[in-house]
Amino acid sequence: MRHPRYICIHGHFYQPPRENPWLGVVEVQDSAAPFHDWNERITHECYAPNTRARLLDGQGRIINLLNNYAWISFNFGPTLLQWMADTAPEALPGIVEADRLSQERRRGHGNALAQVYNHMILPLASPRDKQTQVLWGIADFRHRFGREPEGMWLAETAVDMESLEVLAEASIHFTILAPSQARRWRKLGEKNWVEISGGIDPSRAYLCRLPSGRSIVLFFYDGIVSQQVAFERLLDHGDRFLERLFHGFDARREHPQLMHIATDGESYGHHHAHGDMALAHVLHRLSKDPDVRLTNYGEFLELHPPEWEVEIHEKSSWSCVHGVERWRADCGCKMRGDWHQKWRAPLREALDALKDQLDHLFSTRGRECFPNPWAARDAFIEVILNRESSGAVQDFVKKHGHADLDDVQTTDALRLLEMQQDAMLMFTSCGWFFDEISGLETVQCLLYAARAMALARTFHRDFEPAFVEALAAAPSNLPRFGNGSGVWNQIIRPAVVDLDRVLAHHAISLIYGSPDDENGGRVYSYDMEILDQEIRSRGRGHLAVGRLRARSRRTWNEAETYFVVVHFGGLDFHAVLGQDMELDEYQAFKLRLMATYRAGSLADVMSLLSSEFPGKAHRLDDLFRDEQRRVIGIVLADRFEDYQRSFEHLANQDEEVLNRLGQLNYPIPKPLRAAASAYIDHHLEEQIARLERGEETTLAGIEHLHERGKAWGYLPETTILEKIVAEAMKRTLDRIEPEADLAAITARVGLLLDTCALLGVKPDLWQVQNQFLGAFLELSLTAAMNAPLRETFATLATRLNVSPSLLGWRP
């Protein structure tokens, strides 16, 4: 008798938290260009495509779409899901819907697993932090998926018995580990253990008995095929991927077999381009195969409960052969061979010592706010998940705080809880994973430490000097930093945000503010109120004077200030805040300042400011990164136009020279190439915009620019052009509605596609195809969809690499 065979593919989808700890948003990251940041880029390459993965025919045309998440086991990091909910809501519904669909297919068992909250290495965490990480992960899962999780992913699969106890106590039924983490195993009821290094049979579930008397089920994934998917480019060939999965079965086994793999989910599209399509191909083939069943861990566990038990290697993980040393020692696990990681141990020791101090402060001062501070911390996830709810804090305080807390004590409570959140976030595993203490991931952990210490300072506890001294023992690989203390002084300290910086940011921004800013508005996690403002212009400069109030949405801290901003023109801003002034003094000073600005020199203005409005100066550098970019763009817009006019003049003046040099195969001198390329880049963008708006109905303008550049070897900036054309097509298709001129819209998209062919650029059409298919589906339900229009859509479908058969079109 042949036993049933099952396949389960698990994807661990995760990015480290990248938010500015004070602002709660991810600021622009130039290394992720042309996207705003790495979260956005990886969502575009992986998380979103897996909600609508393409199945192609032999001609490379889409014949079907597959929500991969509905067919695989998966977990998402809670901090990543929070970012998605706030910033990329188009991807999240498909992920949630996939879990719902999988419950219908898998006997009520959903594909989604929970994850410990911020990817902390649990074996290195305190018992209290273990508990909070698990409870916060469960609460986030419940908030996103509307059900209780059956399984939970451990960061780096790092495990010890204490962590498994916490999972079991929280009603988690199972987790997934690497085969090397199994120490020994035996059949239930037998005496003798089997102990073969890395030799555990991954095709069954195992019971792990815990010291408390509880138990939890462990699955050990197939290490060989998982390795090939993650690191050996198995996803380059869908059929080979499928073949390797079947090789995981063994005809000699006399039990129902589960062939399952686990990798970073980013393998499916980010680490490996089009990995989502390879996965979709495999899933589609498996779903049609009568000899194997796609499953998830919950369903398999119900159908085939453990018949064997296992013991684990304590403090082991999937990404460090030395256990969990990668997160506390220079163990040799690294990405770059010529760099040391001697900084890891001192960093861990510094953060552990800081955590002890923060915990003591929380425990002692927290009792003034809560009957049980640690229970309140466990429940604080209710506030984190509902920050936009005006009543979330009040409900939380009413439920967990002392009955008589006033607003001041509530602010203390929030600061303590925010301090604890940062104190856990500073242990996010990625801070130790890579090779250099000044790397992005480690810096992020240090920024969380900085905010935690800033919050502690509001309770008159300054932990920073001792912490920075401890960092001096953490050597950097880069001479410019020397050690962790250098990283702190050069990167972390300048990045710290306080209410003064928020106020200065808003004061400077008011000069180029939008009408929405008239009453204040919002600066990320701060509410702003403009109590008074007056702005004057003179030449290219400006003067702003007024009064502002800022209030943190997260801690309820607030501050009020008078401000003066002098803009000398260009990128030269000088802002001063003044809090030590009475209202009548301010009003009199404001009148004198305005009169001086109107009739005097800027030297007179600065003299008056220096004598009557002393304070710390703030400059353009103090603006938060995205707003800084916006202001710079506005300030330099005229300069850019001047440059563009110069480039145009030079390009036209030298066109004949460029053509002749091209004919002679003479290397184009750099200044000539720069001016002519800038001219063509600019005019190509203009022509694409005109095509999108319907102001051009032919490619004549683009063809002229193309021929002009072709004569001397112009190379378009393909990455930028591809993004511009894709967004133009997306906006064009967005105009489709029953009353629109549908033929004209589809013609414009056709011209944009012709532009791509002419210029040799290949834009990512994923969103364009989605929009096209969505528009077709909506129109097909209306009277507007007639036979000629259906034929027009079928023609455009072919241009977009969509098979007309997907539209139900048969010519």
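Residues are numbered from 1 along each chain as its sequence is written, and side-chain values use heavy atoms, leaving out hydrogens and water. Because the model is predicted, local features need pLDDT of at least 70 and side-chain atom pairs count only at pLDDT 80 or more, whereas totals for chains, interfaces and linings use all residues.

**Exercise 1.** Determine how the rings of Tyr69 and Phe74 are arranged.

*Solution.* Rings of Phe, Tyr and Trp (its six-membered ring) pair if their centres lie within 6.5 Å; planes under 30 degrees apart count as stacked, over 60 as edge-to-face and the rest as tilted. The search of the whole structure finds 32 aromatic pairs. For Tyr69 and Phe74, the centres are 5.3 Å apart and the planes stand at 65°, so this pair is edge-to-face. Both Tyr69 and Phe74 are buried (under 20% relative accessible area, with exposed over 50% and partly exposed in between; 1.4 Å probe, protein chains only). Tyr69 and Phe74 also belong to one aromatic cluster, together with Phe13, Tyr47, Phe76, Phe141 and Phe145.

**Exercise 2.** Identify the parts of the chain that the pair of Phe589 and Phe613 ties together.

*Solution.* The pair is stacked, with 5.2 Å from centre to centre and 10° between the planes. Phe589 lies in helix 20 (residues 583-599) and Phe613 in the loop between helix 21 (602-612) and strand 19 (617-618), so the pair ties together parts 24 residues apart in sequence. Helices (H or I, at least four residues) and strands (E, at least two) are DSSP runs, numbered from the N terminus. Phe589 and Phe613 are both buried.

**Exercise 3.** Find the residues that touch the most other members of the largest nonpolar core.

*Solution.* Such a core is a set of buried Ala, Val, Leu, Ile, Met, Phe, Trp, Tyr and Cys residues joined through side-chain atoms within 4.5 Å. The largest one has 179 residues, of which Ile9, Phe76, Leu164, Phe241, Leu245 and Phe467 touch the most other members. Helix 16 (residues 440-457) gives the most to this core, namely 10 residues. Apart from this core lies another, of 46 residues, including Leu661 and Val725.

**Exercise 4.** Describe the buried residues of helix 6 and what they pack against.

*Solution.* In helix 6 (residues 223-231), the buried residues are Val225, Ser226, Gln228, Val229 and Ala230. They pack against helix 7 (238-247) and strand 11 (257-264), where contact means heavy atoms within 4.5 Å. Just after helix 6, Arg233 has a positive phi of about 60°.
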